[in-house]
Amino acid sequence: MSNRMKNIIVPLVAVLLGVLVGTIIMIATGYNAGAAFTALWNGAFGEIYYTGEVVRQVTPYILAGLAVAFAFRTGLFNIGVEGQLIVGWLASVWVGVAFDLPKIIHLPLAVLAAAAAGALWAFIPGLLKAKFKVHEVIVTIMMNYVALHVTNYIIRTVLSEKSDRTEMIAESSTLRSVFLEGITDYSRLHWGILIALACVFFMWFLLEKTSKGYELRAVGFNQHASEYAGMNVSKNIILSMVISGAFAGLAGAMEGLGTFGYAAIKGGFTGVGFDGIAVALLGGNGPVGIIFAALLFGSLKVGALNMPLEAGVPNELVDIIIALIVFFVAASYMIRIFIDRISKKGVK
Amino acid sequence: MEYVIEMLNIRKEFPGIVANDNITLQLKPGEIHALLGENGAGKSTLMNVLFGLYQPEKGEIKVKGKPVRITDPNVANDLGIGMVHQHFMLVDRFTVTENIILGKETTKGGKIDIKKAEKEVREISERYGLAVDPQAKISDISVGMQQRVEILKTLYRGAEILIFDEPTAVLTPQEIKELIQIMKTLIKEGKSIILITHKLKEIMEVCDRVTVIRKGVGIGTVDVSETNPNELASLMVGREVTFKTDKTESSPAQDVLEIKNLKVKDSRGLGAIKNLDLQVRAGEIVGIAGVDGNGQTELIEAITGLRKSESGSIKLNGKEIINMPPRKVTETGVGHIPQDRHKHGLVLDFPIGENMVLQTYYKSPFSKRGVLNFKEIYSKAMTLIKEFDVRTPSEFTLARALSGGNQQKAIIGREIDRDPDLLIAAQPTRGLDVGAIEYIHKRLIEQRDHGKAVLLISFELDEIMNVSDRIAVIYEGEIVAVVDPKQTTEQELGLLMAGSKRKEAGGENHV
């Protein structure tokens, strides 16, 4: 079996196994699995409103997935997508509330501010890795907490007067679209999906088609050979983290400028950044794979909201099923071996 | 009993290729039997069949006259067949004893009886002259010692027949001598040995008989006493091979590389290069002879910009290049065939085609305004693949999938094609078979004849003697002598390399 086929089949099998084990759990705990999965499907695609919500949810997932995948393709583990997303969210809202500009300037400015903030947040671990060989996993994890609490502080003291959220962003900086809301029965679908898809293209083009991408990939695969070939390894590590962080920051802008239109104090992480790891993994770190993986995660997330209402399945169980799917994807090595065995037998 | 092992008319197929076809190998008790073949000829496949890792499609295996089916390595172990792998299978953080008994632990009340095991290990090691410290950690002992542990592992498991898979590839000349002694002791103690190798010298030295395979087909078995290296080489490669590399007298011109008072520290901060002077002229090959670890690596890294130099001067065509970044050095006209082709020479997960532009990808015509032109890249790759006879299924095949010799040819093609004034070749033929070695030497001499300067670093004295026009001996970070290969002997070089003799460079010697 070709590698390409495997890359498609392995995630599919993982999803099926997740659903299967989820079914067993639901039956064991006395819930109607059929009704639950019907509710999940209806909750994601049953009405145009839900589909609009799915696409809205998919948008930050794509960007978070790209952030993780981009770093991964260049040999780095960016676990800090969550933190970069949070600072991106805040930066976009800050620009959104602080200025009053024509839309053609204000919206791009707010979006770019988010990318820059995320990039800056990722620049720090990149620099530490490049100059002092500090492992990026540890730094990025810790930077997540810093991001969470620093943004909360700024929202409370700088962007509001001891309130737990900022005011709404100016109309001129919003990604929301009357048109998109109209055709999806007033879901919160916004223009951000176009930005996400543009970023998918950007990542593919940068990595696969440019000489900079060649360099980034080479450094990701073999730092020694890259150094030997005259590439600047430190610079490439930093650049890779910065681009990854910019994607994460944009994911934050999707929430700040699109879905919510404000930034609120958070008791905990949004989870989108961490789910980005799973999205990248499920999507095989490839641009197209990430779109499909994000679609799956988005529909699970949105459709799951309908499971308690329509089938009486508790939310927690839904989280378990999602976790199972991620588990089986992470264990894809197991599935690969299994497929290899089967296809070998086929040859004989 | 005439034979301890008989592999009769073995055929092994993989999807698309026949790896072994009609190969017969018969091992007499108490002999060292060489299995000779080029890289990729099917030696490893045949031995994996014997060791139970593969099942043959056709053919029969007999152990001590009885037909057997070896379905997995455990069966092979039970039959007394042990394998000393080329890449050691040892747990770094375990002691020698722990590694040897792994999987065969003797226990006392649920606890490993390490005292008893150590005693056993000591007994075996004394009996076969394999001196090791049973309590030493694997990570603390030398490669040669680690290999002894591998041998002890097979003996501990009661092996009667030992398969050595290219055992000398990783050893220093001294360690090779010791290994040969060990093999002779093993034979005296009644063991039989199959030695997988492509080094003819070793075969002539220790083996009794040799079975040759070429491109998966058994060519035949000959007595070592009735053959010579030339005959073996042509049997293996399928054509005449010349050992003495043909070359005309060199006609060196101006200095291309000029190193003066170079000082470089190694990774631990200790002085690795101390006051080194060296010149390489256009149109000559200068060979650096020396025992591994005398500063060769640091010297190359300093010239190529991969390591900071403390002080001194490195001039290329009169231009100072000391402590320039690698890219600048490359662009100034230095080509570098690195010592470790996997670590430095190739990005193994890139297609071989993309590896062909590793230093030039950012330049026109491969890149325009930052966008790669894959058509140009792959057409360049195709040219080099053809010109340098890189055998690969396609230019899109990952470099990882190529054999060592073909990977090396690809690197050499890439470096020569950039037309550098100075070509540094570090161990360019390590691990390669005679056919590939011959080819690479020819290419190096061709560069010389085109008026380029070539700096050859090798631990193989044969190679240094054959290819160089001048030999500079490096010892503890200094060039201790510069000699003419026609007027020196291996003995003299050996003494110089060991630091026991110093030849003051003067007179005609151009240091």
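This is a predicted model: local features need pLDDT of at least 70, side-chain atom pairs count only at pLDDT 80 or more; totals for chains, interfaces and linings use all residues.
I began with the two domains of chain B. Taken over C-alpha atoms, the centres of domain 1 of chain B and domain 2 of chain B are separated by 34 Å.

Next I looked up the bounds. Domain 1 of chain B runs over 5–237, and domain 2 of chain B over 255–497.

Then I checked where these two domains meet. Domain 1 of chain B gives 10 residues to the contact, and domain 2 of chain B gives 10 residues. I asked which element supplies the largest share of the domain 1 side in chain B. That is helix 8 of chain B, residues 229–237, with 3 residues. I sorted that side of domain 1 of chain B by class: 5 residues are nonpolar, 4 are polar and 1 is charged.

I turned to the record for chain B. An unreviewed UniProt entry places the annotation "domain: ABC transporter" on residues 5–240 and 257–501 of chain B.

Last, I went to the contact between chains. How many residues of chain A are in contact with chain B? I found 15 residues of chain A in contact with 22 residues of chain B. On the chain A side, helix 9 (211–221) and helix 10 (223–228) each supply at least two residues. Helix 9 of chain A has the largest share, 5 residues. By class, I noted 7 nonpolar, 5 polar and 3 charged residues on the side of chain A that touches chain B.

Terms used. Residues are numbered from 1 along each chain as its sequence is written. Chains are lettered from A and ligands numbered from 1 in the order in which they are written. Two residues are in contact if their C-beta atoms, placed from the backbone, lie within 7 Å. Helices (H or I, at least four residues) and strands (E, at least two) are DSSP runs, numbered from the N terminus. Ala, Val, Leu, Ile, Met, Phe, Trp, Tyr, Cys and Pro count as nonpolar, Asp, Glu, Lys and Arg as charged, and the others, Gly among them, as polar. Domain bounds come from an automatic or database domain assignment. UniProt positions are given in the numbering used here, feature names are shortened, and annotations may be inferred rather than shown by experiment.
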